[in-house]
Amino acid sequence: MSFIAVFIWSYVLWLVLTAGSRGLLWSSQELVAGVIFSAIIAFATRDVIGEKASRFLNPVKWAGFIAYTPVLFWGMVKANLDVAYRVITGRIKPGIVRVPVDLENDAQYTILSNSITLTPGTLTVDACPEEKALYVHWINVTDKEPKSSEVIAGSFEKWARRLGR
Amino acid sequence: MKSDMGLIVKTTARATIPLIGIFGAYVVSHGHLTPGGGFQGGATIAGAGILFLIAFGFGEMRKRYDHHIYSALEGLGGLVFLGMAMLGLGVAFFYNTLWHSGPFFDGQPGTLLSAGYLPIMNLAVGLKVFAGLISAMVAIAAYRRWKE
């Protein structure tokens, strides 16, 4: 199954790279070459991507990722304006806080950590799945020992739990 | 030797290693159409292998790396390049007979199957560069006795 997951994952990138070889679509030579190269890449990396990666082939999950994009983008816009305000006024209070999270697998930790890092003002320093916590460097610490990730990441934890399941 | 990289680096490496590989294959196979070619694409694919080595550590790499296979692949790349160069030996060394009167690789310029022996030579050089760089990096990583 992970062979198929890698194959589709790399074939999609091949199609994006070679789009426009016949009009706006793909010539048959490019399609066949893509199948061959994707099969080679998939065979070589089939045990790298992880055995449960095929759960991301579910179209419901793609819809979830598309729905997550505006949420993440809006969070980035708000946080950038907040950081611009802090640059002008100089009102910062930096520190590293430990944020307890309720996640199960690696993909969920990665999605949440990257979302926290992408929103300026917060930066994930370390993810510790064994103690179910993230260590986050925060530009303006308002809560030294937060009980949940709500105060740092808003609704991102809920999204990460759903997308990475 | 255990890997020092955290969970986020490993998970991201799992997702990006196939993408780096297919992008390198794209650069190699379109060497006669777009910028890039055998060396650039081979070095890109070797970058995916080096990312694996750094993210997962030398222990994981040693389980998957067989230096006989990589040595054979590097030799194969050089031999295919030489074989392509000798195809038109009836006229001259490096004569592009596939382009002038070949059964394939003589399509419309701009398509994938054009330019005679060039795509095959790019693939051979890409394979050779990939195998050579990976072998060099693994050999350096395996050299672990650090004497003051």
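**Notebook: the A/B interface and the sheet of chain A**

I started with the interface: 22 residues of chain B are in contact (heavy atoms within 4.5 Å) with 27 residues of chain A. I note that this is a predicted model, with local features needing pLDDT of at least 70, side-chain atom pairs counting only at pLDDT 80 or more, and totals for chains, interfaces and linings using all residues. Residues are numbered from 1 along each chain as its sequence is written, chains are lettered from A in the order in which they are written, and side-chain values use heavy atoms, without hydrogens and water.

Next I looked up the buried area (accessible area, 1.4 Å probe, lost on being put together, summed over both parts). Chains B and A bury about 2200 Å² between them, 74% of it on carbon and sulfur atoms.

I then checked for salt bridges (side-chain nitrogen of Lys or Arg within 4 Å of a carboxyl oxygen of Asp or Glu). The rule finds 1 across this interface. Asp47(A) forms a salt bridge with Arg64(B), with 3.4 Å between the closest N and O atoms.

Which elements (DSSP runs; helices H or I, at least four residues, strands E, at least two) supply chain B's side? I find that α1 (7-29) and α2 (38-64) of chain B each supply at least two residues. The largest share, 15 residues, comes from α1(B).

Finally, I turned to chain A, where 3 strands form an open antiparallel sheet in the order β1-β3-β2; strands pair if DSSP finds at least two bridges between them. The edge strands are β1 (95-100) and β2 (122-128) of chain A. I see β1(A) pair with β3 (residues 133-138) of chain A over 6 bridges.

Notes
Buried area is the accessible area (1.4 Å probe) that two parts lose on being put together, summed over both.
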